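Me: Hi! Could you walk me through this structure? I'd like to go through it piece by piece.

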Amino acid sequence: METTLRGVGVSHGVAIGEVRHMGTAVLEPPAKQIPAEEAEREQGRARQAVEAVAADLIARGNLAGGEAQHVLEAQAMMAQDPELMADVERRVAVGSTAERGVYDAFAAYRALIANAGEYLAGRVADLDDVRNRIVARLLGVPMPGVPDSDEPYVLIARDLAPADTALLDPALVLGFVTEEGGPTSHSAILARALGVPAVVALPGAGELAEGTVIAVDGSTGEIFVEPSAEKRAEMESAAAARKAALSASSGPGATSDGHKVPLLANVGGPGDVPAAVEAGAEGVGLFRTEFLFLDDSKQAPSEEKQVAAYRAVLEAFPEGRVVVRVLDAGADKPLDFLTPVDEPNPALGVRGLRSLLDHPDVLRTQLTALSKAAQGLPVHLEVMAPMVADRADARAFADACREAGLQAKCGAMVEIPSAALRARSILREVEFLSLGTNDLAQYTFAADRQVGAVSRLQDPWQPALLDLVALSAEAARAEGKSCGVCGEAASDPLLACVLTGLGVTSLSMGAASIPYVRATLAKYTLAQCERAASAARAADSAEEARVAAQVVLSGE
């Protein structure tokens, strides 16, 4: 009998197939004592396992490339955390086996970050995956991971670690469903990059029996268990119509009455550029530069290395717009040479621009490298700072750009509610705004973006978040400047129409989402988008906002 479940749709498309579950987690190692003379040998085993797992994660990242690469490199750094390793060795010194020492040390760290409510708590799935991989290697059992199957299937998991998501084979994994996660989790971002339909935050997903046929709608978040022939036909027909519409849509982003809305790509490095070009991106709206710095957490990359990497991206968009975010370190992206040690709450501490202003030499080198990378190219380079809180932050960044001789527009990211509330003041110092809706939602609702239990508050359809977007866009319009969105909100085609109606001047997203957004925008006039935006802001919940906008745009 057909039943319907609902989670959070995070990656467009329809998948119909049999359920396969992610391999079970590693069993808890026995708590047996070892003789004192074996401690040194066990410590050596632990170190070897840690280094092997870190190397494996880096190798997976190199194979996957793009967005996945810097995510996996960050996970490798987590495996090699010196304090965690020191705790493992302390536990082994008093009698634990290597595997038990690893298990207990990671458990202690997991509890610490979860109870502290830090931003790092959102990386619990990543931490668990690292632990499981190390323990599996020490026990000599298979690594946890995706199931072996010769036939395509829908993958079900409690959560998916980046190491698993990055290497999913779209030819076999039709789609995936997780119990945990949110719309801006690593799994969601990587699913969109892969173009795999995905639904997250579905309670009870693990109870779906192996082999059960389900239909997954990655747009609506609906899961149909044992769908009827009629439901299958309906979903397949809708998917075919959507694919035809995507094929027919090309060219710059615009509403049906010609209002231009440039559609840009979010990229994590040169590896993401080919997909962006193929999708018809009109430029880059968010070039994350962390990938360079994660190669070596001990020191910043040289100016020469930065110039080469930046130029590879800039050359791909001749006469296009490329918006570069300077290094956003701290919180879940700690760097030994930059990030304060033992902050009680890194998400609310020295991260982003604050870190760079404390280390002006790092910022100066990056800005100089960007200036040199753009020399002789017709590209329209723009550079923005992350985590800008007020006018003083914006002024400090603009001054740094001028001092470095950067001939580019400088801007500010709106990720903190204070920046949206005082956007007009900030725009007196910089030339554009870019809304990072992922962090803006997190800070607006005090809801960690990785925690499935608070996923309703991470929903970019929340009317309070739309209010902050509107405030920022209105301020930019009043100052005669631009205001784009580079957070994951822009990848939702319906929400893209609402953002356009709110006054946003450009939309940046993962390359796989660009055709969907282009095709949807082209169906509606600017006036329809504005009415949909007003209806969404008048709602009291994310779901009501989504429905209200849909009603307006459908003409019901």
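Reply: Happy to! One term first: buried means under 20% relative accessible area, exposed means over 50%, and partly exposed is what lies in between. Keep in mind as well that this is a predicted model.

Me: Thanks. Then where does D467 fall, buried or exposed or in between?
Reply: In between: D467 has a relative accessible area of 29%, so it counts as partly exposed.

Me: And what does D467 form a salt bridge with?
Reply: With R537, and the closest N and O atoms are 2.8 Å apart. That pair links distant parts of the chain, since D467 is in helix α19 (residues 463-479) and R537 is in helix α22, 70 residues apart. R537 is partly exposed too, at 34% relative accessibility.

Me: You mentioned α22. At what angle do α20 and α22 cross?
Reply: The axes of α20 (residues 493-502) and α22 (residues 526-537) cross at roughly 95° and come within 7 Å. The two helices are therefore roughly perpendicular to each other.

Me: Which residues meet there?
Reply: From α20 you have C497, V498, T500, G501 and L502. Facing them in α22 are L526, C529, E530, A532, A533, A536 and R537. By type, the residues of this contact divide into eight nonpolar, two polar and two charged.

Me: What about α21, how many of its residues are buried?
Reply: Eight of its eight, so helix α21 (residues 514-521) is mostly covered. The buried residues are I514, P515, Y516, V517, R518, A519, T520 and L521.

Me: And what covers them?
Reply: The cover includes α8, β9 (263-267), α20 and β16 (506-509).

Me: Switching to the sheet now. What is the strand order?
Reply: There is an open sheet of eight strands, in the order β1-β8-β7-β3-β4-β5-β6-β2, with mixed pairing. β1 (3-6) and β2 (8-11) stand at the edges with a single partner strand each, so one side of each has no neighbour in the sheet. From one strand to the next, the twist averages 30°.

Me: Which helix packs on that sheet?
Reply: Helix α8 (residues 229-248) does, touching β3, β7 (213-217) and β8 (222-225). Its direction makes about 120° with that of β3. α8 is also among the elements covering the buried residues of α21.

Me: Let's stay with β4. How is it joined to β3?
Reply: Three bridges join β3 (residues 14-21) to β4 (residues 153-157), and the two strands run parallel. Among the partners, V19 pairs with V154 and H21 pairs with I156.

Me: And how many bridges join β4 to β5?
Reply: Five, and β4 runs parallel to β5 (residues 173-178). One of the pairs is Y153 with V173.

Me: Is β4 buried or exposed, then?
Reply: Buried: five of its five residues are. Both of its faces are covered, with Y153, L155 and A157 on one side and V154 and I156 on the other. As background, side chains in a regular strand alternate between the two faces of the sheet.

Me: Back to salt bridges. How many does the structure hold?
Reply: It holds 31. One of them is R47 with E89, at 2.5 Å from N to O. R47 is in helix α1 (residues 39-64) and E89 is in helix α3 (residues 82-93), so this pair links distant parts of the chain, 42 residues apart. R47 is partly exposed at 37% relative accessible area, and E89 is partly exposed at 22%.

Me: What about R325 and E290, are they buried or exposed?
Reply: Both R325 and E290 are buried. They form a salt bridge, with the closest N and O atoms 2.9 Å apart. R325 is in strand β11 (residues 321-325) and E290 is in helix α10 (residues 290-293), 35 residues apart.

Me: Last one! Which residues are linked in a network of salt bridges?
Reply: E38, R41, E42, R45 and E99 are linked that way.

Definitions and conventions:
Residues are numbered from 1 along each chain as its sequence is written. This is a predicted model: local features need pLDDT of at least 70, side-chain atom pairs count only at pLDDT 80 or more; totals for chains, interfaces and linings use all residues. Side-chain values use heavy atoms; hydrogens and water are left out. Two strands pair if DSSP finds at least two bridges between them. Helices (H or I, at least four residues) and strands (E, at least two) are DSSP runs, numbered from the N terminus. Axes are lines fitted to C-alpha atoms, for helices over the stretch in contact, and angles run from 0 to 180 degrees between N-to-C directions. Contact means heavy atoms within 4.5 Å. Angles under 35 degrees count as roughly parallel, over 145 as roughly antiparallel, 65 to 115 as roughly perpendicular and the rest as oblique. Ala, Val, Leu, Ile, Met, Phe, Trp, Tyr, Cys and Pro count as nonpolar, Asp, Glu, Lys and Arg as charged, and the others, Gly among them, as polar. Buried means under 20% relative accessible area, exposed over 50%, partly exposed in between (1.4 Å probe, protein chains only). A salt bridge is a side-chain nitrogen of Lys or Arg within 4 Å of a carboxyl oxygen of Asp or Glu.
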